[in-house]
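I opened this notebook to record what I looked up in one structure. The entries follow the order in which I consulted it.

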Amino acid sequence: MTSRMAAIAFTGAMAAFACPVICPAPATAQTVQEMEPLVFGTFVVPSNAAVSTLTIPLSGSVSTTGSIIALTQGMPGRYRVGGLPGSAIVDIDVNAAPLFGAAVPASQFFQITAFDHPPTVITNAGGTATFRLGATLSTSGSGVPYTESTYTGTIDITVTLQ
């Protein structure tokens, strides 16, 4: 049995903003800035015979199930929303596309699910707020081994004013 190492990284975060029926126009452009990326670290998947997971919770204590062996510590991400009204309640919703490696064919991928983040944040007087983001990474469980690669993807963060 050959061990395969897969390092995970993100290419960046995408942002979307939604407003209720009446949305006050902010004085500046609305932004989501990645202060520290969500990182799953470096790990080995010696067998992909069943779905395995690697979880990065907000506490930062990595846990795994199945065949994933963590080699370096992953870390939750930290993001800042800005350009919003002061003292506003903001809903946060996060989604991600699968992570693919550079190897051809791209038949192997990782899913990112179970995002761990506060459901809402309150902006400060300047219209900004920060939040941390954790998640769970899952293998396909297809039986096809993972190739050694850096797997990348995009996180979509939607911020909605209440």
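What share of the 162 residues in the chain is buried? I found that buried residues make up 37% of the chain, where buried means under 20% relative accessible area, exposed over 50% and partly exposed in between, with a 1.4 Å probe and protein chains only.

Entry on the source. I noted that this is a predicted model, in which local features need pLDDT of at least 70, side-chain atom pairs count only at pLDDT 80 or more, and totals for chains, interfaces and linings use all residues. Residues are numbered from 1 along each chain as its sequence is written, and side-chain values use heavy atoms, with hydrogens and water left out.

Entry on confidence. I looked up pLDDT, the predictor's confidence in each residue from 0 to 100. The chain averages 81, and 79% of the residues score at least 70. Residues 1–27 have a pLDDT below 50, yet in the model this stretch has 82 contacts beyond near neighbours in sequence; a contact means heavy atoms within 4.5 Å.

Entry on the core. Of its 32 residues, Phe 40, Phe 43, Phe 110, Leu 137 and Ile 157 touch the most other members. The elements giving two or more residues include strand E5 (53–56) and strand E15 (154–161), while E13 gives the largest share, 5 residues.

Entry on aromatic rings. I found 6 aromatic pairs; rings of Phe, Tyr and Trp (its six-membered ring) pair if their centres lie within 6.5 Å, and planes under 30 degrees apart count as stacked, over 60 as edge-to-face and the rest as tilted. Phe 110 and Tyr 146 are stacked, because their centres are 4.3 Å apart and their planes at 10 degrees. Phe 110 and Tyr 151 have centres 4.9 Å apart and planes at 85 degrees, so I recorded the pair as edge-to-face. Phe 43, Phe 110, Tyr 146 and Tyr 151 form one aromatic cluster.

Entry on phi. Ser 87 is not a glycine, yet its phi is positive, about 55 degrees. I located Ser 87 in the loop between strand E8 (77–82) and strand E9 (89–96).

Conventions. Helix = DSSP H or I, 4+ residues; strand = E, 2+ residues; numbered from the N terminus. Core = buried A, V, L, I, M, F, W, Y, C linked by side-chain atoms within 4.5 Å.
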